[in-house]
Amino acid sequence: MADKAVLTGTYFMNGDYACCEGALAAGCRFFAGYPITPATEITERMSRRLPELGGIFIQMEDEIASMAAILGASWGGVKAMTSTSGPGFSLMMENIGLGICTETPCVICNVQRAGPSTGLPTLVGQGDMMQARWGSHGHYEVIALAPSSPQEMFDLTIRAFNLSEQYRIPVMIMADEVVGHMNERVVIPRREEIEIVGRRKPKVPKRDYLPYHPDPDGVAPMANCGDGYRIHITGLTHDERGYPGMDEATQAQMVNRLIQKIAGNRDKIIRTENVYLDDADVVVVAYGISARSARQAVRDARSGGIRAGLIKLETVWPFPETLIRDVAARVRALIMPEINAGQMVLELQRCAGGACPVHLVSHFGGSIIHPSTILSVIKDAIKGRK
Amino acid sequence: MKTKKAEKTVPEHPMEELIRSERLPHIWCAGCGIGTVFGSVMAAIQKSGYDLDKTAIVSGIGCTARMAGYIRLDSFHTTHGRALPFATGLKLANPELKVLVVSGDGDLLAIGGNHFIHTARRNIDITVICVNNLNYGMTGGQLAPSTPFGAKTTTSASGCPEEPFNFCYLASACGAIYVARWTSLHIRRLTNSITEAMQKRGFGFVEILTPCPTSFGRRNKIGTALETLKFYHERSVIRNDIDPKEAPIDFGSNIVVGKFVDTERPTFLDNYQLSCKNQIGDWPDFEGTMVQENQTGRQDIL
């Protein structure tokens, strides 16, 4: 009998659909969403796919409700997801913070369009990168991934679910309009070839269970609602019992752990693809659709005799600080193309720490960055040091 | 409720099964009506006979929302106004759960108003208990969608210029299958109403008028909590089964209470499960581009 959840095969498929298939293959069985260009196709496809898998699809009244609903569903014991674009992402911010504070696994796919405000609804942008990092109030760590093709929309959506369960955190997929809408070859492997991370369940007797008492890696096992543990979950600052504690010590302990469970596992979370890095004089650091342009520019530079390299970020948050520091110490320049006025480049500059110049190739949105634009900056960077 | 016969050992809280007594004392002011409602909610939960391990309570933000932190059930204290969509996700993810939402009037019907409309319209199978104390208590007494016209609050010192909502009328218009209003003086009827609402399938709504002596009572010369309750006692008129449109809360004349709606209609899940069985049929422009390259060379349009 055909596996309806994992549609093993080779397809010509757009990125939004590939995201859905990745989610379903990862075990997502709850989707709450609200239509918004250019993420609507995810909502539409989920509305057709989930019923045939016995899952729940619900179109909510807005993105605030969508985000709240997936948090509730996650506590109900089901892997849950929503998708949106800029305006909806803004509306989700408060409940993303609730998800972070209550350590609720779930996945949010933001198919970015150009902003601010309504901006260019149908055209590409990468302007929500800092919003992903800091958009909800307070201090915390996040995990955000950046796919650059429909295939990666499939692969990284699975990884997003795995990371969300592993680290008990809402994981953001920072896609963009071009990746969402382009049709490309997508290979869906067999079910047994897909690695799935499940929820870490409590191992202690119910009486002794503390919802926020972490294992050595900083992550606490999670009892679902209805498991009989009678948990209390709150967005107030809370102790290991989950009970509110309105004092500095509880605040420090909770926030520190929320940060450390990600920061302390950075090496396990961060993934980059490093191309021609060993002998590179100049390195382009790129993510999402701009990594496609960057790859072409680096290839073109190499054919022109320039030793260019590429760091393609799979995880944008946490940022690969150690790698960048190492590379910055031995190259002439770092270059980052992004479809905004300079966001991730700030992090790149910080990590480079002045060891080499850092150049931004900026585009305000509406189309992708042409490889030739990046190539000319590569050439200038090489010349600049001569 | 009466306390159990005193034990010789350390006395246990009579509602220990349902109260996180380790969290006491609670934060509510002396004279606040929420404690009374909390007692009724617990009594109704016990009376309704649901498995306590499968009963969950969800709240937003505010004085009433703190109930979630004192009840020994799976309990979720979420964001301001968002208890209903959170509860929707929880209930749909695990339909075995009995889900209650406890909320204040501002939480449920100002910031959360849109969710209220749509959760009732969808007929999500949850029981919503709304404590209406006519103002925002937690933040010190600002005007709410329930504040009577002319009433004084810290953001309407010269009198509230807005007309209040009739929550029961709204709930009924949005499709709630059970709608009742009581005051925190009507403990027995209130407990019965919550029990009834819990035992029904669908969106049940129970509103409770309560004194807020610290904020509302003090500024509106209503007096102490006891005097407020006396006022409710004198002015309350029970009129079951009337159209809630005819039951506004009018402090100038009578406060109409009672059970206004008790009906049946399919829940969201009932209808969802039915719709899942329907054939979608041809959908020409939707997934034509998702072409599978089959090993046998066949191309399947999925």
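Predicted model: local features only at pLDDT ≥ 70, side-chain atom pairs only at ≥ 80, totals over all residues.
Two strands pair if DSSP finds at least two bridges between them.

Begin with β2(A). Four bridges link it to β3(A), and the two strands run parallel. Within this pairing, Ala32(A) sits opposite Ile58(A) of β3(A). β2(A) covers residues 30–33, α2(A) covers 40–52 and β3(A) covers 56–59.

Phe30(A) stands opposite Ala80(A). Phe31(A) stands opposite Met81(A).

Now follow β4(A) itself. Ala80(A), Thr82(A) and Thr84(A) point one way from the strand, and Met81(A) and Ser83(A) point the other way. Why is β4(A) described as largely enclosed by the rest of the structure? Five of its five residues are buried, so the strand is largely enclosed. The cut-off behind that reasoning is 20 or more other C-beta atoms within 10 Å of a residue's own.

From β4(A) the path leads on to β5(A). Four bridges join β4(A) to β5(A), residues 106–114, and the strands run parallel. Ser83(A) faces Cys109(A) across this pairing. β4(A), α4(A) and β5(A) together form a right-handed β-α-β unit. The helix in that unit, α4(A), spans residues 86–102.

Step back to the whole chain. Chain A holds 13 helices and 16 strands. Its C-alpha trace spans about 70 × 50 × 40 Å along the principal axes. A compact globule of 386 residues would have a radius of gyration near 21 Å; chain A has 21 Å, so the value agrees. Of the 386 residues, 56% count as buried. Among contacts in chain A between residues at least 6 apart in sequence, 77% join residues at least 24 apart.

One example of an exposed site is His139(A). It lies in the loop between α5(A), residues 129–134, and β7(A), residues 143–145. Why does His139(A) count as exposed? It has 9 other C-beta atoms within 10 Å, and a residue is exposed if 12 or fewer lie within that distance. The C-alpha atoms of His139(A) and Asn256(A) are separated by 9.4 Å, although the two residues are 117 residues apart along the chain.

Next come the domains. The domain assignment of chain A gives domain 1 (9–193) and domain 2 (271–384). Their C-alpha centres lie 26 Å apart. Where the two domains meet, 25 residues of domain 1 of chain A are in contact with 21 residues of domain 2 of chain A. On the domain 1 side, β6(A), α5(A), β7(A), β8(A) and α7(A) each supply at least two residues. Which element gives the largest share of that side? It is α5(A), with four residues. By residue class, the domain 1 side divides into 18 nonpolar, four polar and three charged.

The last stop is the interface between the chains. Here 45 residues of chain A are in contact with 35 residues of chain B. On the chain A side, the elements giving two or more residues are β1(A), β2(A), α2(A), β3(A), α3(A), α4(A) and β10(A). The chain A side comprises 27 nonpolar, 13 polar and five charged residues.

Key:
Residues numbered from 1 in each chain as written. Chains lettered and ligands numbered in written order. Contact = placed C-beta atoms within 7 Å. Nonpolar A, V, L, I, M, F, W, Y, C, P; charged D, E, K, R; others polar. Right-handed = clockwise from strand over helix to strand, strands pointing away. Rg over C-alpha atoms; globule rule 2.2 N^0.38 Å. Domains from an automatic or database assignment.
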